[in-house]
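Good morning, and thank you for the time. I would like to take you through a few selected places in one structure, which is shown here.

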Amino acid sequence: MLDRRRFLAGTTALLFAAGCQGRGDVPVVRLGSGRVGGFFHEFAGLLAKAAAETGTVRIEPIATAGSRQNLELLAAGALDAALALADSLESAHTTLPAIGRLYETYIQLAVRADSPIRGLRDLRGQRVDLGVQGSGAAMTAARLLRVAGMDPATDIVAHSRQLSDGITGLRTQQIDAVFWGGGIPTPDVGVPDRARLVDIGDWALPLHERFGYHYDRVVIPADTYPGAPEVWTVGVPNVLLAAPGLADASVTAITALLLEKADSLISEQTLGFHFLDRRWLVGTGGVPLHPAAAAYYRDNHG
């Protein structure tokens, strides 16, 4: 197994080589997304398709572990732009500028349909998949356990798997609960026939009080997963970030895609709230807007 430094170094070299393969005068942007099949990766593919149709910028989606690894790769110069959960940004104390706020990420907790687990505190002593290391959702899941009075290192049997493997482990009774972050509905999780979502919405305020970030209390409406009841959970906006060296022209081109191609950037996993409108795109909270993005929003949309 490669250690984390060697993995990042190898990934940096590969991504740098990929980024050097431009076509003509169209700028190439290496976009850090997330796991293949996940919410971030699906959005990155849609953005790349929209970019190809306009010809103003070329987007190269790069599969990663998620928010925290994206921040590391941005800092290492291996990515030109990346997606990340907003609480991961505050945790990393980054000053990277945002191109825009995109979607609400729903932190979801699933157990088997016949599980006795009804709340967050019931996870003590259980086998819990927190998600892939390096993902923002795994960090948020660990924070949830802490505000419920548990140490993720000692009070649960922690696992770290891809979501598909976590769901398989849940169904085969190898684990007892799975956390993940994404849009709604998330495909192939088996809710409600094989799995059941746990209501964790009331933990949004304790998360804020403990960690400082203003988490959202959001609803997953009834029948979002066909036949499943309404469930409240914790929401975290995700943002599109620019590397320090990303050219203003590339930032402007991407900003234009977010506004002008918004209808084509809504994936099947985003029935929940999205921010692809000028009023919401600029609401990046404590993360400063990139000057080129701010200028485009101001000059073209008031």
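Let me begin with Asp-87, which touches Met-139, Thr-140, Arg-143, Tyr-213, Tyr-215 and Val-236, leaving out residues up to four places away in sequence. Please keep in mind that this is a predicted model. Asp-87 belongs to helix α4, residues 86-92. Asp-87 is buried and yet has no salt bridge. The nearest side chain of opposite charge is that of Arg-143, 4.3 Å away, whereas a salt bridge requires the two groups to be within 4 Å. What Asp-87 does have is a polar contact, side chain to side chain, with Tyr-215 at 2.6 Å.

I turn now to Asn-238, in strand β10, which covers residues 231-242. Is Asn-238 buried or exposed? Its relative accessibility is 1%, so Asn-238 counts as buried. The side chain of Asn-238 forms a polar contact of 2.8 Å with the side chain of Thr-105. Setting aside neighbours within four places in sequence, the residues in contact with Asn-238 include Phe-39, Phe-40, Ala-84 and Leu-85, as well as Arg-101 and Tyr-103.

Finally, a pair of helices. Helix α2, residues 39-54, and helix α8, residues 248-260, have axes that come within 10 Å and cross at roughly 105°. The two helices are therefore roughly perpendicular. On the α2 side, the contact is made by Phe-43, Leu-47, Ala-50, Ala-51 and Thr-54; on the α8 side, by Ile-254, Leu-257 and Leu-258.

Thank you for your attention.

Notes
Residues are numbered from 1 along each chain as its sequence is written. This is a predicted model: local features need pLDDT of at least 70, side-chain atom pairs count only at pLDDT 80 or more; totals for chains, interfaces and linings use all residues. Side-chain values use heavy atoms; hydrogens and water are left out. Helices (H or I, at least four residues) and strands (E, at least two) are DSSP runs, numbered from the N terminus. Buried means under 20% relative accessible area, exposed over 50%, partly exposed in between (1.4 Å probe, protein chains only). Lys and Arg count as positive and Asp and Glu as negative; His and the chain ends are not counted. A polar contact is a pair of N or O atoms within 3.5 Å; within protein, one must be able to donate a hydrogen and the other to accept it, and residues adjacent in sequence count only if both atoms are side-chain atoms. Contact means heavy atoms within 4.5 Å. Axes are lines fitted to C-alpha atoms, for helices over the stretch in contact, and angles run from 0 to 180 degrees between N-to-C directions. Angles under 35 degrees count as roughly parallel, over 145 as roughly antiparallel, 65 to 115 as roughly perpendicular and the rest as oblique.
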